[in-house]
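Reader: Please put the model on the page. I will then go through it with a few questions.

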Amino acid sequence: MCGQAFDLIFKCDISLSDSLSVLGFPPPLPLPSVCTLSHLSLSLCHSPSLSMAVWDLSVTVEDLGPDALPITVSVTSDLHVGGVILKLVEKTQIKRDWSDHAFWWEQKQCWLLRTAWTLEKYEIHADAKLLFMQQHKPLYVCLPSGVTLRLRACFSSSVFKAVMGICRMLNIRHPEELSLLRPIEHKKKKKDKGSAEEVYDLTEVPLSSDSKPCLYNGMPAHFADSPQMESVYKMLSGIQPPPSPETLAKLYRPASVVDKAHIHSRWLDSSRCLLQQGIQENDKVCLRFKYFAFYEIDPKYDAVRLTQLYEQARWAILLEDIDCTEEEMMLFGALQYHISKVSLSEPQTPVSSAAMDDLDSALQFLEVKMEGESSSASEILDNLTAPDLNDYLKIFRPKKLTLNKYKQFWFKFQDTSISYFKSKEESIGEPIQQINLKGCEVAPDVNVAAQKFLIRLLVPAPEGMNEIYLRCENEQQYAQWMAACRLGSKGKTLADNSYQSEIQSIRSFLAMQKSSSNSQGNAHANDESINAHSLVSPRYHKKYKTKQLTPRILDAYQNVAQLSFTDAILRYLQIWQALPDFGISYMVVRFKGSRKDEVLGIAPNRLIRIDLSVGDVVKTWRYNNMKQWNVNWDIRQVAIEFEGNINIAFSCVTTDCKVVHEFIGGYIFMSTRSREKSNTLNEELFHKLTGGHEAL
C-alpha cells in the first residue's frame, strides 16, 4: 500500500513539472526514483523511533541526597531500562561504580531489574516516580543469640535470597531453614533509653555469590582479615553468658497461645523483597530458624549454625515460648550452667562429635549414630536376627469425658508393628489389635522422680491421628520399648544395628533427669558462680528462692558434668526436641462452618487443630496424608484435601493466609531434601511450593 501511494505521488509530481515548464517556471529539484521512495516508505513504516513521541521521565537519584531535585530524562516508550540508566548516569556527571544501582518504582512497589525490557513493556508513563538507588543497603540483623549485626543485605531480591546472602556471609549452612521476622515492639522505651545495645558492623564485608565461602582456619576469609573481625566470628560461634534475672524479667514473654500466634504472624514473606514489605535502610529485623527441620548438622562445619540454634532453643525455654515440666526446666538449667562453665575453659568453636551427627526433624530428636570400630562374626550374626521384645505393658486411649484408666495387656513387637493380647498364653492366637508404627509420631512423657514412664504415640488414621499412651514399669522396660517405637516409626525393625545405641541414648537421657539421692550437690551448693534465677524462666523466680533452686540445679548438674562442650549443646537440643510442643507455630484461624476462632498449630510433619478456649487438641492431620492444598487469594481462604475424602478449609485471623501457605509448602520442601541433593539447594522448587500466586 505504501509503494502504491508513492507511485501515485510520483506520477502527480511529473505532470506538475511539465505544467511548470510550460508556464516558464524553473523545473523543481529532481525527485528520487520510484525504488528509492518505495524503500523510504518501508523504512518509515517500520521505524517506531521516528513515530514515537519523546517525553520526559522524572527520576530521583538517592545518592545525590534527600534534598536533591529529581533529574528529568528525555525518553521514548521503546527505550529499554538500560538505556535510561545510561542517560541518567550521563546527566549526573558523577564518576563512580553504578553496577549495584537499579530503579525502584514507588507507585507499583517493584524493582525494574530487567534492563532489556522497554518502558512500554513495564507500562511506565510520564507520571511514574522512579527512584535510582543501591540494591544492597545496611540492615540491622538481630541473631538468635541476641547479638545485633549491621550488614549489607539485598533489598531488590526476595527475602529468601536475602537470607541466603546473610547466611553465606556468616557461614551458616542450609539457609532455607531460616528467615526474617519483624521484631516485637517493646512498650517500655522511655526507661530503656540509657541502655544502648552493642552493634557489630559488617558493612565493609565484600558480598560474595559463591554458595560455599572460602574458609581460612575454619572461618570465612573475610573474618580472618583482622583480629577485630576474628573476634566477631568467635563471638558468633560462641555462647553468650546467661542473662541477669532483671534482664530476663523485662523481656517479652507470651502469656497465651494467642500471644504466640501474634509472634509467629510477624514472619516476612519469603517471595517478596524487603522494600515491598516496608523494610527500609537501617531498619531492624530478626534472623531466626523458621522451619524446625534441621538437616545435616555437623559440628565440624556448623559452628555458627549450631551455636545460634542452641541460643534460639535456650531463649525459647527461658521466655516460656515452649512449655516444659519443672524437672525438665531444672535439667535445662543444669545444662545451660555446664555449657557456660565449660565454654570458659574449652574452645567455644564446637568440634565434631561422634555421639550425635545430625538432627532428625521428623521424629523431633537428634539421630544418634554409633559406629563400632570393629565387628566380630558373632556380632554380625546377632544383627541379622531381630531380638524378641514382648512384655506386659499398660495401654490407655484418651477420650473425652472418660477417666484416665490404664489396662494391662501382653505386648509383642514384630517388624514395625505392636500387637497386644489379653495375656501371654493367648499371644499364639489373633491379637486384640495391631498398631502399625511406620509413619507414626513418638514422644516421651517421663517423670523419673515420680516413676512415670509413658510413651505417647500418634498413629495416622483416616480421620486424623489416634492418640495412644503406653505405660512402662521401669527405666529398662521404657528404654527398650521407646527405642523400638522410634525405629518402627522410621520403618526399621529391631534387627537394625542402631537399636542398641538408641537404648543407650534413652538411658543417658533418663540418667540426666534423675535426682541424685546422695547429696553430692551439697558439696557444690556454695558455688558462687551459679546464679539459679538466670538459668530458669521467670515463673520459677517467684515460686522458689535462689537457695531452693541452686541445690536442685546442681543435683541435675552431676549427671551432665562430664559432657564436652559440643555434646552438652547437642544434648540440650535433643531434650528441647523431645518436648511435646516442639516446633509448633501457632496461627489463629476460623474454620469453615465454625462460628468461633480456633488455633492452627503448624509442626514439621503435621497440622494441629486446637480449641482456643480449652487448649485441647481437636484434630491432627499429617502432611504425608495430604493430597493437595489450595489458597483462594480473593477471599483469603486455605483449603486442604487429605486422603480418605477429608477436606478442611479455614481463613486466617491474626495473619495473612500467605504465612500459613508458606509454612506448609516450606515443610514439604524440607522433606524432599536428601543426602544426594544436599549440596545444591533447589530454589525453584522452594519458590513453587511457598510462593503462591506470585510463583506462577
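Reader: In which helix does aspartate 259 lie?

Author: The model is predicted: local features need pLDDT of at least 70, side-chain atom pairs count only at pLDDT 80 or more, and totals for chains, interfaces and linings use all residues. Residues are numbered from 1 along each chain as its sequence is written, and side-chain values use heavy atoms, with hydrogens and water left out. Helices (H or I, at least four residues) and strands (E, at least two) are DSSP runs, numbered from the N terminus. Aspartate 259 falls within residues 257–264, which is helix H8.

Reader: Which backbone nitrogen lies 2.9 Å from a polar atom of the side chain of aspartate 259?

Author: Aspartate 259 is partly exposed at 21% relative accessibility; buried means under 20% relative accessible area, exposed over 50%, and partly exposed in between (1.4 Å probe, protein chains only). Leaving out residues up to four places away in sequence, aspartate 259 touches Tyr252 and Pro254, contact meaning heavy atoms within 4.5 Å. The nitrogen at 2.9 Å belongs to alanine 255.

Reader: What arc do the buried residues of H8 cover around the axis?

Author: The buried residues of H8 are Lys260, Ala261, Ile263 and His264. The arc is taken from the directions from the helix axis to the C-beta atoms. These residues sit on the same side of H8, because their arc is only 160 degrees.

Reader: Against which strands and helix do the buried residues of H8 pack?

Author: One partner is strand S8 (178–181). The others are S22 and H17.

Reader: Within what arc do the buried residues of H18 fall?

Author: H18 spans residues 683–690, and its buried residues are Phe686, Leu689 and Thr690. Seen down the axis, these buried residues line one face of the helix, because they fall within an arc of 85 degrees.

Reader: Which residues are exposed on the other side of H18?

Author: The buried residues of H18 pack against helix H5 (159–170), strand S26 (626–632) and helix H17 (657–671). On the other side, the exposed residues are Glu684 and Lys688.

Reader: Is strand S28 largely enclosed or exposed?

Author: S28 covers residues 646–652.

Reader: Over how many bridges do strands S27 and S28 pair?

Author: Two strands pair if DSSP finds at least two bridges between them. S22 (residues 585–591) pairs with S28 in the antiparallel sense over three bridges, and phenylalanine 591 has phenylalanine 650 as its bridge partner in S28. S27 (residues 637–642) and S28 form a hairpin with three residues between them. Their pairing is also antiparallel, and the number of bridges is six.

Reader: Which side chain is joined to that of arginine 456 by a polar contact of 2.8 Å?

Author: Arginine 456 is in strand S20 (residues 452–461) and is buried, with a relative accessible area of 18%. A polar contact is a pair of N or O atoms within 3.5 Å; within protein, one must be able to donate a hydrogen and the other to accept it, and residues adjacent in sequence count only if both atoms are side-chain atoms. The partner at 2.8 Å is glutamate 467.

Reader: How many residues are in the largest nonpolar core?

Author: A nonpolar core is a set of buried Ala, Val, Leu, Ile, Met, Phe, Trp, Tyr and Cys residues joined through side-chain atoms within 4.5 Å. Among the members of the largest core that touch the most other members are Ile455 and Phe650. A second, separate core has 22 residues, including Leu79 and Val81. The residue count of the largest core is 157.

Reader: How many disulfides does the structure hold?

Author: A disulfide is a pair of cysteine sulfur atoms within 2.5 Å. The sulfur of cysteine 273 is 8.5 Å from the closest cysteine sulfur, in cysteine 154, and therefore too far for a bond. Cysteine 440 is 6.9 Å from its nearest cysteine sulfur, that of cysteine 485. The number of disulfides is zero.

Reader: What is the phi of glutamine 451?

Author: Most residues other than glycine have a negative phi. Glutamine 451 is in the loop between strand S19 (441–447) and S20, and is partly exposed, with a relative accessible area of 46%. Although not a glycine, glutamine 451 has a positive phi of about 55 degrees.
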